Amino acid sequence: MKEISVTARSAAAAARATVYGYPRQGGDRELKKAVEGYWKGRVSAGALRATAAELRRGTLRQLADAGIHEVPTGHFSYYDHVLDTSLMVGAVPERHRAAVAADPLDGYFAMARGTQEVAPLEMTKWFDTNYHYLVPELGPDTVFAADPAKQLAELTEALDLGLTARPVLVGPVTYLLLAKPAPGAPAGFEPLSLLERLLPVYAAVLADLRAAGAAWVQLDEPALVQDRTAAELDAAACAYRDLGARADRPKILVASYFDRLGEALPVLAEAPVEGLALDFTGAAAGNLEGLAAVGGLPGMRLVAGVVDGRNIWTNDMEKSFTTLGTLLGLADRVDVAASCSLLHVPLDTAAERDLDPQVRHWLAFARQKTAEVAALARGLAHGTGAVAGELAANRAALASRAGSPITRDPAVRARAAAVTAAETRRPQEYGDRAAAQRARLRLPLLPTTTIGSFPQTDDLRTARADLRTGRIDAAGYEERMRDAVREVIAFQEKTGLDVLVHGEPERNDMVQYFAEQLTGYLATRHGWVQSYGTRYVRPPILAGDISRPEPMTVRWTSYAQSLTDRPVKGMLTGPVTMLAWSFVRDDLPLGDTARQVALALRDEVADLEAAGTCVIQVDEPALRETLPLRAADRPAYLAWATEAFRLTTSGVRSDTQIHTHMCYAEFGDIVQAIDDLDADVISLEAARSHMQVARELAAHGYPRGAGPGIYDIHSPRVPGTDEAAQLLRTGLRAIPADRLWVNPDCGLKTRSWPETRASLQNLVTAARTVRAEV
Ligand code: GLN
Ligand code: ZN
């Protein structure tokens with residue numbers, strides 16, 4: 001760390017460590033078990049509350065012991081913190097009001113999950129993370145009312161332990177920007193128009209928190225790191241002018257994360273608040289120049305998110321000290337934090353006893369990150385000499401990672417560097433390919449197919465559990481999976497589907513299954529991260545250069561093909577999705593990792609083709625969700641993402657048909673990218689939007705095959721034959737009959753067999769009916 005000036009030295013001396021949030025579930029996922037137990041009536045409300053309180057107290061003690069000076073409160077949640085915010089401001093949709101009035105806890109879960117009678121709130125992704133929040137529904141009739149009870153109780157828990165605590169709330173602007181118009185709201189209604197109505201409620205909560213002993217309150221405004229209109233920036237300025245001017249309020253810390261604030265930075269820097277928390281990692285590092293450009297934050301507190309809160313790598317302490325050194329000259333007080341809530345990383349690397357201890361030191365989960373933050377604050381306040389031991393250990397961990405053969409495989413690097421443009425393009429035009437494929441596949445018009453998975457039954461799950469516990473061996477397990485493949489193939493033949501699948505019974509998860517077979521990926525045993533509610537995922541870790549020691553799927557597809565004369569589609573997870581649902585490297589550009597994964601998959605595609613597979617699907621459901629938050633960063637992303645897909649798929653013969661699949665609600669902004677994939681056929685989610693995507697593709701002039709889904713697989717409902725046929729006719733108005741495919745919205749793994757049977761039978765019947773009309 002370089003020598004620092006006198007003013008900077010006082011800013012340094014005051015440095016404190018803090019974080020914004022912590023994993024909620026506990027070391028043994030106690031929260032998940034308690035909440036699900038409560039749903040099933042096995043755990044009482046009192047017992048659930050006691051478990052939650054014990055977990056919160058454990059977290060507070062752990063944070064304090066790790067050297068976190070100011071602990072966050074209010075970030076705990078039984079389900080989701082945006083839902084908690086809706087309750088804090090009284091934004092309960094009409095249809096949930098009776099349930100909430102009858103029993104607040106059950107009403108809360110009714111809003112989250114729905115009941116027999118009422119639909120839940122919609123769920124969507126929290127910015128570009130894999131966490132999902134419950135979307136507030138607001139309309140012109142929404143009446144807000146403050147209910148600070150949860151925030152107050154959690155603050156009091158921390159104060160009772162003798163800790164300095166800072167309540168953390170979703171900020172009012174972000175809350176409104178994340179909301180959607182309630183059903184029945186007039187067209188064009190914008191939730192942000194409710195700002196004036198919402199601010200007094202926030203002011204009331206702030207006043208109550210201050211009265212209860214909070215010196216500072218944090219308002220999270222991550223929505224301001226996205227591209228915002230002038231009107232939205234104005235709204236942010238108004239909001240903080242208003243809240244800042246209120247008497248009896250605590251000091252306000254406005255927090256942002258996941259990207260740079262850009263044009264929102266001057267707005268917040270001028271606001272009458274006492275502090276800003278900024279992210280200085282990854283794409284957000286631009287905040288450093290942004291801060292310098294606005295002349296720093298004189299008189300304010302800057303909380304510097306220098307430890308990456310959403311990835312799992314050990315922080316580079318020296319690099320952080322350099323950043324902090326620069327920041328010292330830019331604010332009155334500089335505190336150290338993780339870049340965002342630690343909700344997005346697993347709890348503790350110590351639980352990973354299967355990992356080589358050396359590799360474990362490369363990783364930092366929530367617990368390790370709090371220690372990193374604390375050490376940086378200590379070094380900042382007392383000089384780096386005070387953390388000499390930590391620095392030495394950090395240097396050793398970084399050197400071990402950088403020098404490891406896991407991180408660097410010269411053969412993989414050489415191959416990736418030698419990729420030519422020709423390898424990322426199919427040599428024949430689509431028209432020639434289509435003719436060759438028609439001659440080989442001999443499919444009817446409006447061919448029917450599915451997206452890949454069939455129901456993951458209890459039998460399959462039991463087989464996996466039996467394999468884990470040693471009740472059956474690998475051969476026994478394979479036999480059980482082959483039984484499932486036989487059942488799936490027989491069903492599809494009997495039902496009359498045209499392009500069959502093997503059903504993916506052997507796959508625990510579409511990313512993990514491949515990660516386990518690729519060199520360069522690490523798996524964790526306890527690395528759970530909340531996806532939504534009580535659903536936790538264990539993302540694999542892209543740790544090193546990626547290669548494929550042997551074929552991964554060929555024996556399954558070949559076995560399925562050996563059972564039928566109809567074509568069986570090979571099924572792979574695409575390179576972008578392999579990255580999106582994993583923890584990624586921080587020592588290699590994402591595009592380089594994508595290219596390595598693509599090369600491994602390209603070999604798999606070649607092996608499938610050589611084994612006789614004539615249709616190969618490469619799923620990219622995550623293509624859109626990984627889109628950078630700022631539009632300026634999107635072209636570069638889409639360039640490497642689409643190239644990785646083409647590198648995966650373009651080594652095949654012209655008569656091998658490449659499919660891809662994506663599922664989201666909206667495709668409007670990535671139609672060009674879909675086109676750039678140059679897949680022969682794409683299947684997409686479309687049933688709920690009445691084939692909207694078919695019209696978008698047509699408007700774009702999309703020239704290849706497309707299967708907009710006609711069966712909404714998110715619901716147990718069986719679509720009727722007439723309804724399916726009607727959707728097909730709608731599809732035909734946008735896509736001609738020789739390019740339209742008939743399929744469900746997505747895979748069937750979450751469905752049961754009875755619905756699946758009935759729905760696919762209706763889908764085939766609908767295709768036959770409409771075929772006769774064209
Ligand atoms: N082939 C996968 C399946 O059918 C695709 C899943 C997905 O798009 N999420 O399950
Ligand atoms: Zn899907």
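Leaving aside its neighbours within four places in sequence, which residues is Gly452 in contact with? Select Gly452, then Val501, Glu504, Met571, Gln617 and Gly747: these are its contacts beyond four places in sequence. Two residues are in contact if their C-beta atoms, placed from the backbone, lie within 7 Å.

**Before going further**

This is a predicted model, in which local features need pLDDT of at least 70, side-chain atom pairs count only at pLDDT 80 or more, and totals for chains, interfaces and linings use all residues. Residues are numbered from 1 along each chain as its sequence is written, while chains are lettered from A and ligands numbered from 1 in the order in which they are written.

Colour the protein by pLDDT, the predictor's confidence in each residue, from 0 to 100. The mean is 96, and 99% of the residues reach 70 or more. The model scores ipTM 0.99 and pTM 0.95.

**The whole protein**

Zoom out. The C-alpha atoms fill a box of roughly 80 × 60 × 55 Å along the principal axes. In cartoon view, the protein has 29 helices and 20 strands. These are DSSP runs numbered from the N terminus: helices are H or I with at least four residues, strands E with at least two.

**Ligand 1**

Select ligand 1 and the 13 residues that surround it; Ile451, Gly452, Ser453, Pro621 and Gly747 are the closest. A residue is near a molecule if its C-beta atom, placed from the backbone, lies within 6 Å of it. This shell divides into six nonpolar, four polar and three charged residues. Ala, Val, Leu, Ile, Met, Phe, Trp, Tyr, Cys and Pro count as nonpolar, Asp, Glu, Lys and Arg as charged, and the others, Gly among them, as polar.

**The annotated positions**

Next select Ile451, Gly452, Ser453, Glu504 and Asp619, where an unreviewed UniProt entry places the feature "binding site". They are spread over 169 residues of sequence but cluster in space, with a largest C-alpha distance of 12.9 Å. UniProt positions are given in the numbering used here, feature names are shortened, and annotations may be inferred rather than shown by experiment.

Return to Gly452, in the loop between helix 18 (430-441) and helix 19 (458-469). Gly452 counts as buried because it has 25 C-beta neighbours inside 10 Å.

Finish at Asp619, in strand 17 (residues 615-619). Is Asp619 buried or exposed? Asp619 is buried, with 25 C-beta neighbours inside 10 Å. Beyond four places in sequence, its contacts include Met510, Thr573 and His661.

Definitions and conventions
A residue is buried if 20 or more other C-beta atoms lie within 10 Å of its own, exposed if 12 or fewer, and partly exposed in between; C-beta atoms are placed from the backbone.
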